[in-house]
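Happy to walk through this one with you.

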Amino acid sequence: MQSATLRPILRITTNPTLLRSLSTTPKIMGAGDTGSTRSGFMAEKDSFAKREAAHEGMYIRQIEKEKLEHLKKKLKEQRKHMNELDKHL
């Protein structure tokens, strides 16, 4: 009885029309890709993405400028303190 159930399966798998190769390939994605239509080259041409990148760049430059001003102020205070110590010595 077992051999009777195996015969149809063997006939299906040995059918040459079922053994042909697939003509499509799977979509290849890089690390971090979400599968959206705007990725890679097309994202660079998107005006919203450009505008957002510009705003982000401006924000980062502003934060860096504030940090630099704070460091310059601290350096002036340290220099003033060092001058006072030199006078005392």
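Q: How far apart do the end C-alpha atoms of residues 61–88 lie?
A: In this predicted model, the span of residues 61–88 is 100% helix and 0% strand. UniProt, in an unreviewed entry, places the feature "coiled-coil region" at these residues. The end C-alpha atoms of the span lie apart by 40 Å.

Q: In which helix is confidence highest?
A: The protein averages a pLDDT of 75, and 49% of the residues score at least 70. Confidence is lowest in helix 1 (residues 2–13), where the mean is 54. At a mean of 94, the highest confidence belongs to helix 3 (residues 47–88).

Q: What pattern does the protein follow along the sequence?
A: Let's start from the element count: there are three helices and zero strands. Read along the sequence, that gives the pattern α-α-α.

Q: What percentage of the residues in the protein is buried?
A: A residue counts as buried when its relative accessible area is under 20%. The protein exposes about 9200 Å², with carbon and sulfur atoms supplying 60% of that area. Of the 89 residues, the buried ones make up 1%.

How values were computed. Residues numbered from 1 in each chain as written. Predicted model: local features only at pLDDT ≥ 70, side-chain atom pairs only at ≥ 80, totals over all residues. Heavy atoms only, no water. Helix = DSSP H or I, 4+ residues; strand = E, 2+ residues; numbered from the N terminus. Buried < 20%, exposed > 50% of the residue type's maximum accessible area, 1.4 Å probe, protein only. Areas by Shrake-Rupley, 256 points an atom, 1.4 Å probe, with all protein chains shown as cover. pLDDT = per-residue confidence, 0-100. UniProt positions renumbered as here; feature names shortened; annotations may be inferred.
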